[in-house]
Amino acid sequence: MKRGIIHLYKIGILFQDREFEHDIYELIRAFYPGSEICSFYEEEEAGCDLYFRIEKQGDSCVIRYEDHENKGVTSAEFIEGQSSDALISCVDADDSEAKERAHAIRKERKDIVKIALYKLLVKLTGKTLPWGNLTGIRPAKLAMGLIESGMKNTEAAQEMRERYMVSPQKTALAITIANREREILKDIDYENGYSLYVGIPFCPSICLYCSFSSYPLKQWKNRVNQYLEALCKEIKEVAAIMKAKGRKLDTVYIGGGTPTTLEPEQLKVLLDALMENFCCENLAEFTIEAGRPDSITREKLMMIRNYPITRISVNPQTMNQETLDIIGRCHTVEETKQAFMLARECGFDNINMDLIVGLPGEDKIMVENTLNEVKALAPDSITVHSLAVKRAARLNIFKDKYQEMTFENNQEIMDMTMKAAYEMEMGPYYLYRQKNMKGNFENVGYAKVDKAGIYNILIMEEKQPIIALGAGGSSKLVFDQGKRIERVENVKDVTNYIDRIDEMIERKRKGINTWL
């Protein structure tokens, strides 16, 4: 196995038990992107190029590895007395202090195993990862937690570098964002407030990389009104539940899909239902995604302007026509420019633009062209996404068809996007990571002063409940100041959502009653 060169292998991981299985799997996959990885629990399968065996030996975790060039063992020593038996006894205890001790012990054990595995993988591959051994999607949440625990910025940075092997550059980014998030959220009442997500699952077309619950409008046009009827019923019932609980609504986010696939009168039905049932007078933010330029018209924008919408998105993803054609966005670069300028004409003074780096066929020069075109429009915020191809995306389902495409993302490109944001007088205000991100990088939101997306921060930091309405909506209920999160899911399928709307409402009722 040659160092520093990406090879595609069949990798087997044999687990003695499933403790930390997800973290181990994700860390190995990050070092071997594109390789086939198989998990085994009893006996390993023949034919793998590389094996990892995760074994327990008393208070240690032993990681054995083997390939045609290398064999070896590395171990992660747990703190004496914190064996599996001790952990189980804590979990079985009734009092909350014992459960907190169990949680702390488990976290310590996990961190020790991940440090040992990370160092081993660095040795085997000759490379490091920008986010070190972090496998979760919320690095800024970790940074914020360290700062809120009483650490100084320098101490939190040192902890991220030494315990989690995060690079100095990414550490500085996470600490910067954590501090800005704290300032933005300082007036949000976590205990008595909540945020609302409303999903419109229709799109003009489905992008090549998309894995969201989205449906092409042409095929579903005749059912949009039925969907809105069910959604308005959920809006009315959930609003009544939240009012009865005395909770204050802080932010509203209408996403999708593409909300502006709705016709002006349909937008009116939706927005009227929200205004009539929820108290929207003192919102910190009200966002609607007008994401696809080919869905935006003056009539729709003026309809939106009749309501207290404070923020919209006009999302190009790229300003290169060849790429737009490849990924299935049925609009032109010129239409993006026209839609943005139209939104400005209609009086919108807080417009976000989403961009994706790592799109098929795009190199540094093409990304630079996108950034120059966006700078000329002067949006109020941008969100830079590193391409992440999820299992349900067409790009993954039909990957043989697209195997000749190149997917380029690197630190130089990420630095270029940051430099462009700074040139537009924007600073980073939130970030998150996803599985299968090209280059193992991150998504970063940049915004001008007072133009940050508050909802974006709230859903990432998990400090406040998010009640999600519509097909595919996933409500997050926050317990014990964020120590525990429970989800209440709506079905993703539009037809099922319409037919089972009463069941979806009852799920919410039970979940909210448990939470409150």
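Biologist: How do the residues of the lining of the second largest pocket divide into nonpolar, polar and charged?

Modeller: Some ground rules come before that. This is a predicted model, where local features need pLDDT of at least 70 and side-chain atom pairs count only at pLDDT 80 or more, while totals for chains, interfaces and linings use all residues. Residues are numbered from 1 along each chain as its sequence is written, and side-chain values use heavy atoms, with hydrogens and water left out.

Now the general idea: rolling a probe the size of a water molecule over the atoms shows where empty space is left. On a 1 Å grid over the protein atoms alone, a pocket is an open set of points with protein on both sides within 12 Å along at least five of seven lines, a cavity is a set where a 1.4 Å probe fits but cannot get out, and lining residues have an atom within 4 Å of a point. Ala, Val, Leu, Ile, Met, Phe, Trp, Tyr, Cys and Pro count as nonpolar, Asp, Glu, Lys and Arg as charged, and the others, Gly among them, as polar. In this pocket the lining has six nonpolar, three polar and 10 charged residues.

Biologist: How much space lies in the second largest pocket?

Modeller: A volume is the space filled by probe spheres set on the grid points, which are joined across faces, edges and corners. Here that comes to about 400 Å³. The lining has 19 residues, and Ile184, Asp450, Lys451, Ala452 and Ile454 are the closest to the pocket's centre. Two or more lining residues come from each of α6 (168-184) and β9 (248-256), with α6 giving the largest share, three residues. Those labels are DSSP runs numbered from the N terminus: helices are H or I of at least four residues, strands E of at least two.

Biologist: And how many cavities of 30 Å³ or more does a search of the whole structure find?

Modeller: Two. The largest has a volume of about 70 Å³, and its lining includes Gln16, Phe20, Ile54, Cys61 and Val113. Strand β3 (residues 50-57) gives the largest share of that lining, three residues. The second largest cavity is about 50 Å³. Among the residues that line this second one are Gln317, Leu355, Glu362 and Thr417. β12 (351-357) and α13 (364-377) are the elements that give two or more residues to that lining.

Biologist: Let's turn to the packed parts. Which residues have the most contacts inside the largest nonpolar core?

Modeller: A nonpolar core is a set of buried Ala, Val, Leu, Ile, Met, Phe, Trp, Tyr and Cys residues joined through side-chain atoms within 4.5 Å. Buried means under 20% relative accessible area, exposed over 50%, and partly exposed in between (1.4 Å probe, protein chains only). The largest core has 106 residues, and Leu231, Ile254, Leu270, Leu274, Phe278 and Ile382 have the most contacts inside it. Helix α8 (residues 224-244) gives the most to this core, 11 residues. A separate second core has 28 residues, including Phe15 and Leu117.

Biologist: How many aromatic pairs does a search of the whole structure find?

Modeller: Rings of Phe, Tyr and Trp (its six-membered ring) pair if their centres lie within 6.5 Å; planes under 30 degrees apart count as stacked, over 60 as edge-to-face and the rest as tilted. The search finds 10 pairs. Tyr253 and Tyr455 make a stacked one, 4.8 Å centre to centre with 25 degrees between the planes. Tyr253 is in strand β9 and Tyr455 in helix α16 (residues 454-461), so the pair ties together parts that are 202 residues apart in sequence. Tyr253 is buried at 9% relative accessibility, and Tyr455 is buried at 5%.

Biologist: Why is helix α4 (residues 139-148) described as largely enclosed by the rest of the structure?

Modeller: Because seven of its 10 residues are buried. Leu142, Met144 and Ile147 are among them. Contact means heavy atoms within 4.5 Å, and the buried residues of α4 pack against α5 (153-163), α6, β14 (427-432) and α16. Just after α4, Gly150 takes a positive phi of about 115 degrees.
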